[in-house]
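Here are my notes on the model you sent. They are in numbered points, to be read with the structure open.

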Amino acid sequence: MNTDLVSVIVPVYNTEQYLEECVESVLNQDYSNIELILVDDGSPDNSPEICDAYAAKDQRVRVIHQRNSGLSCARNAGLAVAKGQWVLFLDSDDEWETSDFVTQLVAFAQTYGADVVCCNYRRMWDKEKQGNLCCALREETDDLSSIIVSNTYISSAGTKLVSHALLSRIGLTFQANVFSEDVLWSLQLLSQAKHVGFVPAAVYLYRVRKDSITHTLSPKNLHDLFAAFRDCKMASLRCEDATRQELCLIYTAFQYCTLLVNMHLTRPKPNRKEREEIFSWADILRHDRHRIVHLVALCKRILGIRATAWLLYRYVRLQGTVT
């Protein structure tokens, strides 16, 4: 199994207090055939020196230094030089929970012939690595319908082991200078992957910073998120296979719920025309096999989309996180 090289791409920007934990979680994997590509995106802190120090002592580590260009460009730069049969993305303030993270994902991919394998994830609050697993499924599966309906296939590049051949075949990279670049990327991957699986025991630790609960979005952030949702719907409708098209639309419907929440986080608030344009796409909620989407769709039928959007936002705030 260790014969397959796995490329781990880590964009690095201003995360010196977390970077060593992130890198160690990769280098301490029991799967040894790894290349770790650290992309210093013009970081102004000591992160570039930390990256170079790791490269000097471990031949598996490669470092790219570039002018600050954003997360998408940093990921693309790493992908351009990646040599592995498999690709994993890891943010530099996050880490993997166990030393067999890669082993479990690659083993599943090789056993079932999957070209995309999703992992579980757990939120950690700054340094506290506690909290419930976030994916509803608790058993390994290659049933794509169950993975989508349970919202186990989320809009995050970090929670997926991806075949490099698949990425190359469809020419999939990250759109630069946009907010929530993972949303459309994940949909495009979903629409093209031949076989998708899920391994609940492989856990990605996603760090939630103290200011995440109270964060706001700029009008550009909201515009980018709306554009990503709209592009997801259009890409879904282009799927020739009816079953895969419906699964893509279920994924997109959940992204619409996220859009409704983030609309209320935008400052200054979107004007009436902008809100009405977002509300006009509410027909996506008819693809409601996902539990949350079903509840939102039901609420919409009773209260209307405007009241539903506000109630959804209040519910998410009460949960202590934002989408």
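Predicted model: local features only at pLDDT ≥ 70, side-chain atom pairs only at ≥ 80, totals over all residues.

Does Ser180 count as buried, exposed or partly exposed, and what is its relative accessibility? Point 7 takes this up.

1. The chain has twelve helices and eight strands. Along the principal axes, the C-alpha atoms fill a box of roughly 60 × 45 × 35 Å.

2. Of the 323 residues, 55% count as buried. The accessible surface is about 14,500 Å². Carbon and sulfur atoms hold 49% of that surface. Take the contacts in the chain with a separation of 6 or more: 80% of them join residues 24 or more positions apart.

3. The sheet. Eight strands make an open sheet with mixed pairing. Reading across, the order is β3-β2-β1-β4-β7-β6-β8-β5. The edges are β3 (61–66) and β5 (95–96). Each has a single partner strand, so one side of each lacks a neighbour in the sheet.

4. Strand β1 (residues 6–12) runs parallel to β4 (residues 86–89), and four bridges join them. Within this pair, Ile9 stands opposite Phe89 of β4. Helix α2 (residues 47–57) packs on the sheet and touches β1, β2 (34–41) and β3. The direction of α2 makes about 150° with that of β3. Helix α7 (residues 181–192) also packs on the sheet, where its contacts are β4, β6 (116–125) and β7 (160–163). The direction of α7 makes about 55° with that of β7.

5. Strand β6. How many of the ten residues of β6 are buried? Eight are, so the rest of the structure largely encloses this strand. Look at both partners. Three bridges tie β6 to β7, and the two run antiparallel. Here Cys118 stands opposite Lys160 of β7. Ten bridges tie β6 to β8 (residues 196–208), and these two run parallel. In that pairing, Arg123 stands opposite Tyr206 of β8.

6. A cis peptide. Please check the bond between Arg267 and Pro268. The model makes this bond cis, with omega about -5°. Pro268 sits in the loop between α9 (242–263) and α10 (272–279). As background, most peptide bonds are trans.

7. Two positive phi values. Most residues other than glycine have a negative phi. Asn151 is not a glycine, yet its phi is positive, about 60°. Asn151 lies in the loop between α5 (144–149) and β7. Its relative accessibility is 18%, so Asn151 counts as buried. Ser180 is not a glycine either, and its phi is also positive, about 60°. Ser180 lies in the loop between α6 (164–170) and α7. That brings back the opening question. At 22% relative accessibility, Ser180 counts as partly exposed. The cut-off for buried is under 20%, which is why Asn151 at 18% falls on one side and Ser180 at 22% on the other.

Note on methods
Residues numbered from 1 in each chain as written. Heavy atoms only, no water. Pairing = 2+ DSSP bridges. Contact = heavy atoms within 4.5 Å. Axes fitted to C-alpha atoms, helices over the stretch in contact; angles between N-to-C directions. Buried < 20%, exposed > 50% of the residue type's maximum accessible area, 1.4 Å probe, protein only. Areas by Shrake-Rupley, 256 points an atom, 1.4 Å probe, with all protein chains shown as cover.
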